[in-house]
Amino acid sequence: MTVCSMWHASWTVESMERTLPFYTDLLGLEVIHTQIQDNEYTRKLVGIEGAILKAVLLKVPSLDAGLSGHIIELMEYIQPKGVKIDTKPCNVGAAHFAFGTRDVRAMYEKMSAAGVEFVSEPVAITAGINQGGFTCYLHDPDGYTLELMQPPSWRFEKAGMLPEKAVQ
């Protein structure tokens, strides 16, 4: 037996009310499902006695998100409230999630104007398999690192997608 699919990626947010508009309004993700998890199964799964969580499942509207139907699961611990950790990319255990886009510069401009914190402006990828593309890191409202990646045009072509809006 082996792994047969990617189910989702998940991270914890401080406040769903504060964070969710970032993912829906600025990134354009679609909410698939919201639920409160207040049950023994969840407490056993996360290994935290008395845990109560709010889960919001998100997907890219145009993307087939596989068996689960979503790609991101945002979790807010209603009980117990957690503490902020240092998610600097070089720290062991830190992670990031990368989103593909056809126009990283336009997203950078839109999100910067909305007050989103970026690590840098989009940078040209000058080496490796994605040479010819552009990318940048940014932080969500909780400081989680995200990446906006505009792949080189051949990636769009290989995937059968027209790069009509891709910036070269």
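Analyst: Before we start, one term: a residue is buried when its relative accessible area is under 20%. Also keep in mind that this is a predicted model.

User: Got it. How do I read a pair of aromatic rings?

Analyst: A ring pair is described by two things, the distance between the centres and the angle between the planes. To count here, the centres have to lie within 6.5 Å.

User: How many aromatic pairs does that give?

Analyst: The count is 6 aromatic pairs. Take Trp11 and Tyr23: their centres are 6.1 Å apart with 50° between the planes, which makes the pair tilted. Trp11 belongs to strand β1 (residues 9–13) and Tyr23 to helix α1 (residues 16–26), so this contact ties together parts 12 residues apart in sequence.

User: Are Trp11 and Tyr23 buried or exposed?

Analyst: Trp11 has 6% relative accessibility, so it counts as buried. Tyr23 is at 0%, so it is buried too.

User: And how does Trp11 pair with Tyr144?

Analyst: That one is stacked, because the planes are at 10°, with the ring centres 4.2 Å apart. It links distant parts of the chain: Trp11 sits in strand β1, while Tyr144 is in the loop between β8 (134–139) and β9 (145–150), 133 residues away.

User: Why does Tyr144 count as buried?

Analyst: Its relative accessibility is 13%, and the cut-off is under 20%, so Tyr144 goes in the buried class.

User: Which residues do the ring pairs link into a cluster?

Analyst: Trp11, Phe22, Tyr23, Phe97, Phe99 and Tyr144.

User: Where does Arg105 lie relative to Phe134?

Analyst: Arg105 lies over the ring face of Phe134, 4.3 Å from the ring centre.

Note on methods: Residues are numbered from 1 along each chain as its sequence is written. This is a predicted model: local features need pLDDT of at least 70, side-chain atom pairs count only at pLDDT 80 or more; totals for chains, interfaces and linings use all residues. Side-chain values use heavy atoms; hydrogens and water are left out. Rings of Phe, Tyr and Trp (its six-membered ring) pair if their centres lie within 6.5 Å; planes under 30 degrees apart count as stacked, over 60 as edge-to-face and the rest as tilted. Helices (H or I, at least four residues) and strands (E, at least two) are DSSP runs, numbered from the N terminus. Buried means under 20% relative accessible area, exposed over 50%, partly exposed in between (1.4 Å probe, protein chains only). A charge sits over a ring if NZ of Lys or CZ of Arg is within 6 Å of the ring centre and within 35 degrees of the ring normal.
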